[in-house]
Amino acid sequence: MEQTSPKAEPHATEIDLVELCRAVWRRRGFVLKTAAVFLGFAIIYYISVPNRYSSSAAIMTESQDKNLSGMGGVAAMMGINLSSGPAGADAITAEQFPEIVQTRPMLAKFLDMQVELTPRIENGVIVAPGEQITLLEYLVNRWKFPWYSYILKPFQGRRHEITPRDYVYDTAVITPVQGLFFARLGQSIAVKVDKKGPTRISVTTQNPMVSYMLEKRLLTELEAYITEYRTLKARRTLEFSLSQADSARAKYDAAARRLAVFEDNNRSLVSARAEVERQRLESEFTIAGNIYSNIMTQTEMARLELQKSMPVYAALEPASYAAWPVAPRLVFSCAVGIFLGIFFAVCWVIVRHFTKPSPVPETSGEA
């Protein structure tokens, strides 16, 4: 009896792979047609999706502890510690920027913002200026969608009536128009944080001028928010010191006037009673002067603390105008369409190759 060789199994597997490649090659026409169909779908997608323009900027923030380190000794001599302040662990860091720009109070600052749509340009010359509308009107009623989205969501492109109430932000009640505005504006803003480099903030809309103007306004609002937060404690301390200084100055002036009036009225009078009153008024004047001097010193140190708490906010790369859309991209869309077409066609050929019935070999009977 003959025995089969154990090496026949790998040889058969190699033959199967070759047959698989031959099967795909035999159906190359089907693969190319499928790729062409998917390429057509990719082109339709490219034509249907509205263009999106992105404006980005790079910023760098850091604390100012080193900038005023030379004043620490002077402050320590006066009993004031400059090492503890808003620039410590409780300060706003770049890692918190993505959450800050997505908060409703921050987004509400743009409700009444005026934007200018792209002007009409011919031969490099502005022929007609762009239309002036509010950002709320643009994001709610001027936002465009692909044609197929109206089939999936028939009511998403309907026009909304904007009332004066929609421009007023109330934390208790958010109108439907405001909710739509917050959602679309939040999706348009992106923050990329790099711990070893600058933070990049980008705004993407369907109009290049709107993206540029919104990016500039966002950087301004973010800088103001960071400055207000980090200087809040120092500003309150300074305001309290100024109010105390005004009160101390008023008491000092009143004491000086009382002493001057007493001196004018009792120049030629020599008595023990007058001497006691003079000493009392001089003591009040001296005490009021010392208090006023100490409070003014604290006020100057509060101003120094406020200056120390001011954050460093540097725009390494300012907002730029995007002349060309960032999406959709024709080459990328076509490449993805061709790849998906070839992938699905090859998978179909492979499945058909393994599922088709194998031919039954003919057996010859014994004579």
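The following exercises, each with a worked solution, concern a predicted model of a protein chain.

**Exercise 1. The chain as a whole**

Task: State how many helices and strands the chain has, and what percentage of its residues count as buried.

Solution. Begin with the secondary structure: the chain contains twelve helices and eight strands. Next, turn to burial: of the 367 residues, 34% count as buried. Finally, consider the contacts with a separation of 6 or more: 76% of them are between residues 24 or more positions apart.

**Exercise 2. The largest nonpolar core**

Task: Determine how many residues form the largest nonpolar core and which element gives the most to this core.

Solution. Step one is the count: the largest nonpolar core has 38 residues. The residues with the most contacts inside this core are Phe97, Phe110, Leu135, Tyr138, Phe181, Leu185 and Leu222. Step two is the origin of the residues. Among the elements that give two or more residues are the strands β1 (53-62), β6 (189-192) and β7 (199-205), together with helices including α4 (97-101), α6 (135-141) and α8 (176-188). The element that gives the most is α9, with six residues. Step three examines one member, Leu222. Apart from neighbours within four places in sequence, Leu222 is in contact with Ile59, Phe97, Ile100, Val101, Met106, Ile201 and Tyr313. As general background, nonpolar side chains in soluble globular proteins tend to be buried together.

**Exercise 3. The largest pocket**

Task: Describe the lining of the largest pocket by its residues, elements and classes.

Solution. First, the space in the largest pocket is about 450 Å³. Second, 18 residues line this pocket, and those nearest its centre are Arg52, Trp143, Phe145, Gln187 and Gln206. Third, α8, β6 and β7 are the elements that give two or more residues to the lining. The largest share, five residues, is from α8.

**Exercise 4. Aromatic pairs**

Task: Classify the pair Phe38 and Phe344 and the pair Tyr138 and Trp143 as stacked or edge-to-face.

Solution. The chain has ten aromatic pairs. For Phe38 and Phe344, the ring centres are 5.8 Å apart and the planes lie at 20°; the pair is therefore stacked. This pair links distant parts of the chain, with Phe38 in helix α2 (residues 28-48) and Phe344 in helix α12 (residues 330-355), 306 residues apart. Phe38 has 24% relative accessibility and so counts as partly exposed. Phe344, at 44%, likewise counts as partly exposed. For Tyr138 and Trp143, the ring centres are 6.1 Å apart and the planes lie at 85°, so this pair is edge-to-face. Both Tyr138 and Trp143 are buried.

**Exercise 5. Lysine 144**

Task: Decide whether Lys144 is buried or exposed, and find which residues Lys144 touches.

Solution. Locate the residue first: Lys144 lies in the loop between α6 and α7 (149-152). Then apply the cut-off: exposed means over 50% relative accessible area. Lys144 has 56% relative accessibility and therefore counts as exposed. Now list the contacts: not counting residues up to four places away in sequence, Lys144 touches Pro50 and Gln206. Lastly, the C-alpha atoms of Lys144 and Val49 are separated by 8.7 Å, although these residues are 95 residues apart along the chain.

Terms used. Residues are numbered from 1 along each chain as its sequence is written. This is a predicted model: local features need pLDDT of at least 70, side-chain atom pairs count only at pLDDT 80 or more; totals for chains, interfaces and linings use all residues. Side-chain values use heavy atoms; hydrogens and water are left out. A nonpolar core is a set of buried Ala, Val, Leu, Ile, Met, Phe, Trp, Tyr and Cys residues joined through side-chain atoms within 4.5 Å. Buried means under 20% relative accessible area, exposed over 50%, partly exposed in between (1.4 Å probe, protein chains only). Helices (H or I, at least four residues) and strands (E, at least two) are DSSP runs, numbered from the N terminus. Contact means heavy atoms within 4.5 Å. On a 1 Å grid over the protein atoms alone, a cavity is a set of points where a 1.4 Å probe fits but cannot get out, and a pocket is an open set with protein on both sides within 12 Å along at least five of seven lines; lining residues have an atom within 4 Å of a point. Grid points are joined across faces, edges and corners, and a volume is the space filled by probe spheres set on the points. Ala, Val, Leu, Ile, Met, Phe, Trp, Tyr, Cys and Pro count as nonpolar, Asp, Glu, Lys and Arg as charged, and the others, Gly among them, as polar. Rings of Phe, Tyr and Trp (its six-membered ring) pair if their centres lie within 6.5 Å; planes under 30 degrees apart count as stacked, over 60 as edge-to-face and the rest as tilted.
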